[in-house]
Amino acid sequence: MFSLPWNVARWVRWSVAVLLFVGATAFVPRWWCGREGARYYTGDPATVAALARHVAGTMARGVSDSDFTSDSARFRGEWQFGTHQMAALGLLQTCRQHPELRDELRPGIENAIAGLLSPAVRAFDAQSWGEDALDSLDGPYGHAAYLGYLNLVLALDRATFADSRHTALNDRISAALARRFGAASHQIIETYPGEAYPVDNASGLASLLLHQRVTGIDHAAALTGTLECFRTRWRDPRTGLLQQALDHRSGQAMDRGRASGTALAAYFLALADPELARPFFRSLRTHLAGSILGFGYVDEYAAGERGGGDIDSGPLIFGMSPSGTGFTIATSRVFGDRALYVSLARTAYLMGAPVAQGDERFFITGGPLGNAILLAMFTAQPVVR
Amino acid sequence: MKRRSPSLRRILIEAAALVAVHFVLLRILARANLLEHLLAPGADSRFALGVTAVFLLLRVFFFVFVPGWLLVRLWLWATRIRADRT
């Protein structure tokens, strides 16, 4: 039998070993961790329903301030609010794509909306303004985050269910938001006194565009200026990313274009008007998205810019943004970028650690907020009537 | 002193132990809200952050590097006799 000299055999043996390691590392993790993402992308009913059941179950059990760990009462309140909002959006999107799940998931949607309307959840906004957002709809103050995020849910509920119980409130909030957009000196409504964030205005704008489409009530005159700002003025001149914060008195940028704000705003806008959101998705794709071994990520800042993480982005890992990475999943689905969607979903699988429990499936590092966000992102789709 | 090649049994037991540790940690951590600690750490988050970091490092090693590492060990085990003879 043919045999090699020992030193050649040893060299071949170790060369094959290295090739095996490199090959397996390059292909096995991306295949294994990408299977679930590919199923979410196509809207596989069993995969989506398992996560939706978990989120609906969380809404049924209730989410309170004590479920969150920040030392800041405002941030705990925002996260409690965000959990209900993302849960409602994710469940509504699931119902739109899978009408057979409507009866099962609708109680979860109603629980999420009831949570959004509860005094406990409204408290973070009311404490900042010194007035309740819903009791002061005729007043002049912004309440951009609370009203915009809530109204987007109500408008989507109305677009999804012909017998929505929230149409009157949706009409009242829409009228208040339209009036405030129309009166805003720099087309931006304050989130809190002295604080203005384009991403929060994106939710309000999307809610009005959706309300306009569903009801036929024309908000065009009030929204023209803000729409123009989202198309040009509020975009970073170099990257096209959405500016994270503005001075509401001057309309000048107070922070750069960043992934966390751009990706979340793009998701909101894509629900109502995909063409308005498309340039933001292109900017994210071009300037911030990357991949290592098939695991996608989105940087918080564009190349050449430096900055730290904060409550919006989460802690940055070598510049990678947890929030930006998660939120970009939504627009990659809306705009049919399967490769980016699956690569980001691989990262969500790796870092989120999904587990099955009964007929539910959830991400163990997600908690109530993370799972609600991922359901909303995985199932994102424009509202087409 | 020449190091002995690990037996097939040892390779498989070590791989099974990694799977078991990962699975047990997964089930334990399923009861904790970790994202909140990660994104908005509070005064009581230090322990949760430490556990999360260890778990995620183990998970990255498990999913990204273990398949190749296991394959290499099996390859080296399968070719060890011929290598030892030569």
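In this predicted model, R96(A) touches several residues beyond its sequence neighbours within four places: L156(A), A159(A), T160(A), Q381(A), V383(A) and V384(A). R96(A) sits in helix 3 (residues 73-97) of chain A. The residue is buried but forms no salt bridge. D157(A) is the nearest side chain of opposite charge, and it lies 9.1 Å away.

Elsewhere, charged side chains do pair. Over all chains, the structure holds 19 salt bridges. One of them joins E110(A) to R165(A), at 3.4 Å from N to O. These partners are 55 residues apart. E110(A) belongs to helix 4 (residues 102-117), while R165(A) is in the loop between helix 6 (144-160) and helix 7 (167-183). E110(A) is buried, at 15% relative accessible area. R165(A) is exposed, at 64%.

E300(A) and R258(A) form another salt bridge, with their closest N and O atoms 2.7 Å apart. Both residues lie in loops, and the pair ties together parts 42 residues apart in sequence. E300(A) is buried at 0% relative accessibility, and R258(A) is buried at 2%. The two also belong to a salt-bridge network with D255(A), R256(A) and D310(A).

R285(A) and D337(A) meet at 2.5 Å, N to O, in a further salt bridge. R285(A) is in helix 11 (residues 274-288), and D337(A) is in the loop between helix 12 and helix 13 (338-352). R285(A) is partly exposed, at 34%, whereas D337(A) is buried, at 17%.

Key: Residues are numbered from 1 along each chain as its sequence is written. Chains are lettered from A and ligands numbered from 1 in the order in which they are written. This is a predicted model: local features need pLDDT of at least 70, side-chain atom pairs count only at pLDDT 80 or more; totals for chains, interfaces and linings use all residues. Side-chain values use heavy atoms; hydrogens and water are left out. Helices (H or I, at least four residues) and strands (E, at least two) are DSSP runs, numbered from the N terminus. Buried means under 20% relative accessible area, exposed over 50%, partly exposed in between (1.4 Å probe, protein chains only). Lys and Arg count as positive and Asp and Glu as negative; His and the chain ends are not counted. A salt bridge is a side-chain nitrogen of Lys or Arg within 4 Å of a carboxyl oxygen of Asp or Glu. Contact means heavy atoms within 4.5 Å.
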